[in-house]
Each structure stands twice: as structure tokens, then as C-alpha cells.
Amino acid sequence: MSKKNKVILTAGFILAFVALIFATKFFKNKASNDEIISRINIAYASDKAYVFPTLVSMVSVMENSKKSTECDFTILLSGEITDSDKEKFKSVEKKYSNCKVNLVDMSGQFDSSEVRFWSKAMYYRLSLPEILSNEKRCIYLDGDTIARKDLSEMFNLDMNDYYVAGIRDFNEIINSKSEHYKVLGVPDLNSYVCSGVLIINLEKIRNDNITAVFGELVKQNDANKMFKFPDQDVINKACYGHIFTMPFKYGALAHTDLTVPYSKSEYAQWASNKKDWEEGRKDPTVVHFTGTKPWVEKYSDLCKEWWNYAEKTGFGNEIKNAYPNVK
């Protein structure tokens, strides 16, 4: 091999080595910059009364999310929500780099629907399969919740052919005299779930046109006022046979008194098993403040957690002023 060819070959090796180092650094930097490895959809519905609770819940989600998790929030808003309220919701997007906040105006929707003593915003969740028309699934959370862990595991639960996944509503199931199943026209209440924390299989609901069933049931209830819990009963009736009961930890119901062990709780027997109850009450992923709200009374350590997240919203003083009588 000539001296000239040796020089060319050596130079080629050097260039190749430099290129390898550059490529290694490039892809390493790219990996560190592209930290998002999972994206989850989380939806809420809010009227004026639930602006602050919903904001607190959103912040709790982000405070416990991994940096590799992007949370795409969709907030369904009633007509009385002000621009100032909207800015509060959008502030979460500014505060945390791994989230997006999409606000959806629901003005005029379900205005004439029967709500009993609840807000019409409770019906908004029924529209999520059409609103999130390009998404396969989402987590739905009521505003009276806090997340205590990253929600990716919950979001990725195996839904199979289920329309929704939720936590059993112990109040109805535990009442042996309840004939609520007759009102719903279903064989039993064994899979009757609380509508405040759900995983919604958006794609399957769309494919099977269950949103039309939702709409028809709402109309029937408007006429007959037959449902005790309007949105919840619509979901449980329309989805019966396709409802997955999630582990208790994904929506621990605060009114069941989470300080009580399995052997002493009247509610625990309706959990899947002792382990399910104990894990859910001791270290819940999501707490649903059914019953007395933490902005009304600080009755447990979990309520204190709610107030800790309230401080982290950036609107701590406003929230305190909004609920001056909390004990």
C-alpha cells in the first residue's frame, strides 16, 4: 500500500471515529431532551363552583407526575366560567412543562336536562368520546379529587372490551334493600361504579355508538326523573356488561373512612379482596373526596394534603379567602 493510500485510509478512520462520537452525543442529547415517553389524557368538567377544586386536582396530578409523563388536560367548562377562571386553568400549563391544557366551552349543552341538586356539568363527561374524537381513552376525574402518584399505570390498565373502568359505588351495593337495579333495568349492581373517577374507552364507545345511548337515557330521565344519580346511572345502565371495576387505590372513596382496616369496615367487603382494600386506603393513587369536602372541613390527613396542593397552585390566598369557614 502506498504512503498516499495509507494517509487517506488513516484520515478515513479518523473521520469515521469523529462521526461516531458526534452521533453518540447527538442521540444522547436527543434522548435527554425528548424525556416524554408517555402521554395521558385527563379530563375534568367544571362550573363556577368547582374552579378552585379542579385547579387543585390538576396541580396534584402534575406534582406527582414523572417528568417522562405528559398530561394532556381537557377541561369542559360551563358558560358562567370567566376569562379569569380560564387563566387559572391555563396557569397549570405555564407552571409545568410536561402538560397541556385544552379548554372546551360547553355553553348551551344539557341546559334543559334534569340535574336534581347537582350541576349540569356532571353530564359533560358523556360527551368526551366525541370531544376527544382522535383519542382512544382518557381518565376522567371529578374536581373533588387529588392524585398522589403518577397516573400512567392507571391510564394503561387493560380495558379489553370494556366501555369504562371505575370504582364500585359502595353506597348502593352495600344496601341490601336497594332496588336501584330495577330502576336501571339491569340484573344487579355488582359492577355499579362511581362516575367521579373513570377510565373511558373512548374508541370503543364511539365504535359501538354508545354516546347515542347516553343521549337517549338523558332524555328519558328528563321526562321521567327516574335516576337517583343522573350521569352515573346513565353510564352504568348504558355500559352494563362492559364495566371493569378498578382496584380501590385508583379512586379511594374518602367517605368510607380510609382509617378503618379491612376487618372493621362495613365497606371493605365490597372491595375485591383484603389486599385491594388495604392498599387503597393506606396508599391510594387517587383520592375521591366523596362526602364532606376538604375545603369545608379538614377531617383527615388527606384533607391536609388537599390544602398543601392548594398552596402550590399559586392561588393559595384566593383559595383560603374563598373558603374562610374551613375548620
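Contact here means heavy atoms within 4.5 Å. Eight of the nine residues of α10 are buried, and the helix is mostly covered. The buried residues are Pro-230, Asp-231, Gln-232, Asp-233, Val-234, Ile-235, Asn-236 and Ala-238. Helices (H or I, at least four residues) and strands (E, at least two) are DSSP runs, numbered from the N terminus.

This is a predicted model, in which local features need pLDDT of at least 70 and side-chain atom pairs count only at pLDDT 80 or more, while totals for chains, interfaces and linings use all residues. Residues are numbered from 1 along each chain as its sequence is written, and side-chain values use heavy atoms, with hydrogens and water left out.

Axes are lines fitted to C-alpha atoms, for helices over the stretch in contact, and angles run from 0 to 180 degrees between N-to-C directions.

| Helix pair | Angle | Axis distance |
|---|---|---|
| α2 (51-63) and α3 (83-95) | about 5 degrees | 10 Å |
| α2 and α12 | about 90 degrees | 8 Å |

Helix α2 is therefore roughly parallel to α3 (angles under 35 degrees), and roughly perpendicular to α12 (65 to 115 degrees). Towards α12, the contact involves Pro-53, Val-56, Val-59, Ser-60 and Glu-63 of α2, together with Trp-306, Tyr-309, Ala-310 and Lys-312 of α12. These residues comprise six nonpolar, one polar and two charged. In this scheme Ala, Val, Leu, Ile, Met, Phe, Trp, Tyr, Cys and Pro count as nonpolar, Asp, Glu, Lys and Arg as charged, and the others, Gly among them, as polar.

The model also contains pockets. On a 1 Å grid over the protein atoms alone, a pocket is an open set of points where a 1.4 Å probe fits, with protein on both sides within 12 Å along at least five of seven lines; lining residues have an atom within 4 Å of a point. A volume is the space filled by probe spheres set on the points.

The largest pocket holds about 710 Å³ of space. It is lined by 30 residues, of which Trp-118, Arg-125, Asp-142, Asp-144 and His-288 are the closest to its centre. Helix α10 is one of the elements that supply at least two residues of this lining.

The second largest pocket has a volume of about 230 Å³. Helix α12 (residues 301-312) gives the most to its lining, with three residues.

Terms used. Parallel < 35°, antiparallel > 145°, perpendicular 65-115°, else oblique. Buried < 20%, exposed > 50% of the residue type's maximum accessible area, 1.4 Å probe, protein only.
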